Structures are given as C-alpha cells and as structure tokens.
Amino acid sequence: MRLGILISGRGSNFLAIADAIAAGKLAAEIAVVISNRADAAGITAARARGLNAIVLASKGTSREEHESDIAKTLADAKVDMVVLAGYMRLLGTRLLEDFAGRIVNIHPSLLPAFPGLNAQGQALAYGVKVTGCTVHFVTAGLDEGPIIVQRTVPVLAGDTEESLSARILEQEHIAYPEALHLIATGRVRIDGRRVVIG
Ligand code: GRF
C-alpha cells in the first residue's frame, strides 16, 4: 500500500507512521509527503529521512488549483491511500472523488464528540472525564466519516490543553499505524456508516 501523507506542521503522526513501517509493524510504504506550508517541521523531517517530500503552497492559489496540484502529485507517486496527518485544510470535491474511500484522517477526540478545531480544548471546556483520538475515513462532512480505530485517555484533574493534548498524541501515534495496518492487510470493509474489521 503506497501512502501519500498530507501535513501542515509538526508531522509527529507522519513520523510515527514512518517509524512503524521501519519497525515492520505497518505493511506500507510512504510514496510522498506533501505539505501546504514550506515551514512545516514535518517536511524537514521527511527530507532528512530521504523521503519524497514536496511543498505545494496553498497560500495565493485557489482551492481548485491547490487540489489539482495535490491530485496530480498523488497520482504521479502512484498513491493508494491518502493519509491526512495534521493537514489543516478542508478537502474539496476533486480529491474526495479521485480518492473516494481511500482518504483517512486522525482527529484528537472521540468522534462524534468535539469535531473541528481545538478538540482537546473543547473536551476540557465541556468537562468530559474521558477523551481520546479517532482514525476515520474522510467524507465531505467535517470529521464525519466512518470510524476505523479509536483510543481513549482519561482527563485528569489539573489538566491543561497542553497536558491533555500530549496524552492524546501518544495514543494517536499508536492508533494511526494500527488503522493503516488493518487497511493494508485487507481487514477493513466499509458498510454504510460502519467500518467492519475482519
Ligand atoms: C494531531 O493532534 C492530529 O490529531 C490533528 O492535528 C495534530 C497533528 O499533529 N489532526 P502532528 O503534525 O501529526 O504532530
């Protein structure tokens, strides 16, 4: 399974995926890493690992142009699965159509709770006692697609957004490689809203 990883920043989920591949825990290869920001730390890390790392700046281009650049780059790299890893832009119809059922995302909450920005802050503000992360297929609705894997963490007294985010991130780094491995080994089937793991 050839992965096309889209990032905008730090890229720690991308690195967890790369590490899982290197450790033989994820049967996949990284065909390309694309960032919409030239200053993304993840793109520097991708280059340091000798990966095909490409910046496609979103600033100053229309959404259509930007999406078509991404679609071309993914096709050139013969990508099977698009992995959104902290990619901070909504996808438009072009990518959703070209890669229908083949785009995944990770979100730092137990969806459908707290979709959108700053899910960790939303969880703290609401006062939930448990939160976590969700790996899901991407559909047109924000953070709405069928759920592949979720992992939970407790919310502790005295938690700040930083401490809670760090606890969730540790679980993200386990959940994303795990979900991708399930897909890569043919164990994932989408049945309406549900993902059946075989
Ligand atoms: C993660 O919290 C992820 O759940 C969210 O954006 C953050 C990306 O972090 N979608 P990183 O760039 O992978 O370190």
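## Around the ligand

The backbone of G11 brings an N or O atom to 2.8 Å from an oxygen atom of the ligand. Two side chains join in, each through a polar atom, as the table shows; a polar contact here is a pair of N or O atoms within 3.5 Å.

| Residue | Distance from its polar side-chain atom to a ligand oxygen atom |
|---|---|
| R10 | 2.6 Å |
| E172 | 2.7 Å |

The protein buries 85% of the 370 Å² that the ligand exposes when taken alone (accessible areas by the Shrake-Rupley method with a 1.4 Å probe).

This is a predicted model, in which local features need pLDDT of at least 70 and side-chain atom pairs pLDDT 80 or more, while totals for chains, interfaces and linings use all residues. Residues are numbered from 1 along each chain, and side-chain values use heavy atoms, without hydrogens and water.

Who else is there? The residues around the ligand, with a heavy atom within 4 Å of it, are R10, G11, S12, N13, G86, I106, H107, P108 and E172. This shell divides into 2 nonpolar, 5 polar and 2 charged residues, where Asp, Glu, Lys and Arg count as charged, Ala, Val, Leu, Ile, Met, Phe, Trp, Tyr, Cys and Pro as nonpolar, and the others, Gly among them, as polar. At least two shell residues come from each of α1 (12–22) and β5 (103–107); helices (H or I, at least four residues) and strands (E, at least two) are DSSP runs numbered from the N terminus. Domain 1 (1–100) and domain 2 (105–198) each give the shell at least three residues, with bounds from an automatic or database domain assignment.

Definitions and conventions:
A polar contact is a pair of N or O atoms within 3.5 Å; within protein, one must be able to donate a hydrogen and the other to accept it, and residues adjacent in sequence count only if both atoms are side-chain atoms.
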